[in-house]
Amino acid sequence: RRQSALAGTLAAGALLAKYQAIYLIFGIGLLLLGAFLRFALVHLRALRNARKGLPAAPESADSPPPWRELILGPLCLIGALALVSSPHFLKNLAFYRNPVYPFAQDIFTRSTPTTPNASYLFEWLFKDYNWRPDGTLLQNIGSSLRLCFTFSFEPHYSFTHNVPNLGSLFTLTLPFLFFLRAPRRLWLGAVAGLGALFLWAMTFRVDRHLQTFIPLLVASTAAVLVRSWDMGWLARIGLIPLVALQVIWGGDAFVYSGQSRIKAAIDLIRSGYEGKRKDSERFTARSDFKAIGEALPKDAKVILHHYRPNLGIDRDIYLDWAGQQGLILYEGLHGPRGIYDYWRSLGMTHILHLPGHHIAPTVHEDVIFNHFINRYGKGRRRFGGIELVEIPAEPPPPDAPYFVLAAGLGGYKDGLYP
């Protein structure tokens with residue numbers, strides 16, 4: 001019972017960090033379920049033998065726990081998981097009237113804040129359909145089973161240019177398990193890892209969600225490598241090029257992105273040698289965001305338009321990306337006055353956006369947003385690639401129908417549109 005409660009507590013901690021921890025919980029849960037069924041079968045077999053008058057099997061290290069313990073164990077695990085993770089769901093229930101907000105808004109119909117069609121937008125925009133299995137159940141099971149072994153060689157949602165820099169050794173060392181001595185515990189790690197991979201492939205095939213259970217794959221792979229290395233020089237001759245191949249594949253992964261942070265760290269280290277003493281000269285990371293924060297009033301309420309990174313501004317920030325938040329939706333607005341009144345009704349004072357960086361989810365939103373910014377935006381200032389715009393105190397004139405010229409716009413013929 002104590003071990004089960006501890007397992008439930010650890011599972012809850014993972015779930016509190018990221019919902020995708022369910023992959024890890026599922027993979028390890030398969031092992032626990034297998035152990036439960038094995039013990040239950042031993043009990044049922046003993047019960048059948050007792051009815052036939054056969055002698056009971058002698059006690060051994062593999063003897064199952066009593067029925068009472070066998071039932072209480074899973075209950076303690078589930079209870080600890082529910083208890084330790086409950087603050088998150090209770091907080092959601094109190095603030096959003098939905099314990100799993102922003103999910104399940106079609107079930108929890110009083111969710112708040114919300115917008116018209118919020119459940120649909122979240123389901124089909126935020127949970128990008130491109131990375132979800134879309135066949136029949138049998139087709140999805142088949143493709144998911146295949147992905148358990150090919151996931152590292154066929155990246156789906158990846159910033160690595162499809163370089164197999166993560167997870168390949170786990171897959172390539174699975175055949176070793178058939179040749180190692182006493183591999184039972186290694187098989188447990190492999191089964192848990194494959195179970196986690198299967199659930200990932202059956203739900204949302206975004207590579208970064210593998211991070212929730214990569215430590216399980218790493219530990220299992222490391223154990224197989226160590227046991228294989230101990231088999232002797234012949235095994236080592238095969239292991240060395242195999243591991244070297246993975247190192248070559250992924251050796252440059254740490255510089256795929258984040259170059260600005262690496263450069264900022266090097267500049268900081270070098271700043272003393274260059275005679276820089278002022279903090280403004282030495283600590284340049286996120287300097288654009290810091291400058292934006294200094295330029296904004298203390299009570300500013302800022303819309304971050306179709307853009308998510310907002311670290312360091314130190315003001316209240318509101319996203320307006322359809323499907324990724326439940327407060328702002330531009331449907332039903334038809335011009336600068338409509339969008340102005342809408343923003344003011346929400347108490348907004350400023351807008352931050354990256355001109356030309358992202359198009360909005362709809363052409364309609366792009367038109368009315370850019371119409372307002374370019375005709376009525378006040379005090380426009382650039383901070384690197386980010387533009388800060390003040391929403392003026394005076395409203396634009398009342399909206400009237402007008403035409404938009406579309407030229408070179410994907411999905412539309414060139415011409416005038418109302």
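**Reasoning through the sheet, the rings and the overall shape**

Analyst: Happy to! Let's begin with a pairing: Val-302 has His-350 in β3 as its bridge partner. Please keep in mind that this is a predicted model.

User: What makes β1 and β3 a pair of strands, and in which sense do they run, parallel or antiparallel?

Analyst: Two strands pair when there are at least two bridges between them. Strand β1 (residues 301-304) and β3 are joined by three bridges, in the parallel sense. That meets the cut-off, so they count as paired.

User: Which residue in β5 is the bridge partner of His-350?

Analyst: That is Glu-390. The pairing of β3 with β5 is antiparallel and has four bridges. Glu-390 is also the bridge partner of Lys-378, and β4 and β5 (residues 386-390) are joined by four bridges, again running antiparallel.

User: Which way do the side chains of β3 point, and are they buried or exposed?

Analyst: His-350 and Leu-352 point one way, while Ile-351 and His-353 point the other way. All four are buried.

User: On to the rings. Why is the pair of Tyr-96 and Tyr-101 called stacked?

Analyst: Two values decide that. The ring centres are 4.4 Å apart, and rings pair if their centres lie within 6.5 Å. The planes are at 10°, and under 30 degrees counts as stacked. Both conditions hold, so the pair is stacked.

User: How do you know whether Tyr-96 and Tyr-101 are buried or partly exposed?

Analyst: Buried means under 20% relative accessible area, and exposed means over 50%. Tyr-101 has 14%, so Tyr-101 is buried. Tyr-96 has 28%, which falls in between, so Tyr-96 counts as partly exposed.

User: And what makes the pair of Phe-372 and Tyr-376 tilted?

Analyst: The centre-to-centre distance is 6.3 Å, inside the 6.5 Å limit for a pair. The planes are at 45°; stacked needs under 30 degrees and edge-to-face over 60, so this pair is tilted. Both residues lie in helix α14 (residues 363-376), four residues apart, about one turn of the helix. Phe-372 is buried at 0% relative accessible area, whereas Tyr-376 is partly exposed at 23%.

User: Which residues do ring pairs link into a cluster with those two?

Analyst: Tyr-330, Tyr-340, Tyr-342, Trp-343 and Phe-369 are linked with Phe-372 and Tyr-376. The whole structure has 17 aromatic pairs.

User: How do you know whether the protein is a compact globule or more spread out?

Analyst: The protein has 14 helices and seven strands. Its radius of gyration is 28 Å, well over the 22 Å that the globule rule gives for 418 residues, so the protein is more spread out than a compact globule. Along the principal axes, the C-alpha trace spans about 95 × 60 × 50 Å, and 34% of the residues count as buried.

User: Last one: why is Gly-8 called buried while Tyr-412 is called partly exposed?

Analyst: Gly-8, in helix α1 (residues 2-17), has a relative accessible area of 0%, under the 20% cut-off, so Gly-8 is buried. Its contacts beyond four places in sequence are Leu-77, Ala-80 and Leu-81. Tyr-412 lies in the loop between β6 (404-406) and β7 (415-417). Its relative accessible area is 39%, between 20% and 50%, so Tyr-412 is partly exposed. Beyond four places in sequence, Tyr-412 touches Val-363 and Tyr-417.

Technical notes
Residues are numbered from 1 along each chain as its sequence is written. This is a predicted model: local features need pLDDT of at least 70, side-chain atom pairs count only at pLDDT 80 or more; totals for chains, interfaces and linings use all residues. Side-chain values use heavy atoms; hydrogens and water are left out. Helices (H or I, at least four residues) and strands (E, at least two) are DSSP runs, numbered from the N terminus. The radius of gyration is taken over C-alpha atoms; the globule rule is 2.2 Å times the number of residues to the power 0.38. Buried means under 20% relative accessible area, exposed over 50%, partly exposed in between (1.4 Å probe, protein chains only). Rings of Phe, Tyr and Trp (its six-membered ring) pair if their centres lie within 6.5 Å; planes under 30 degrees apart count as stacked, over 60 as edge-to-face and the rest as tilted. Contact means heavy atoms within 4.5 Å.
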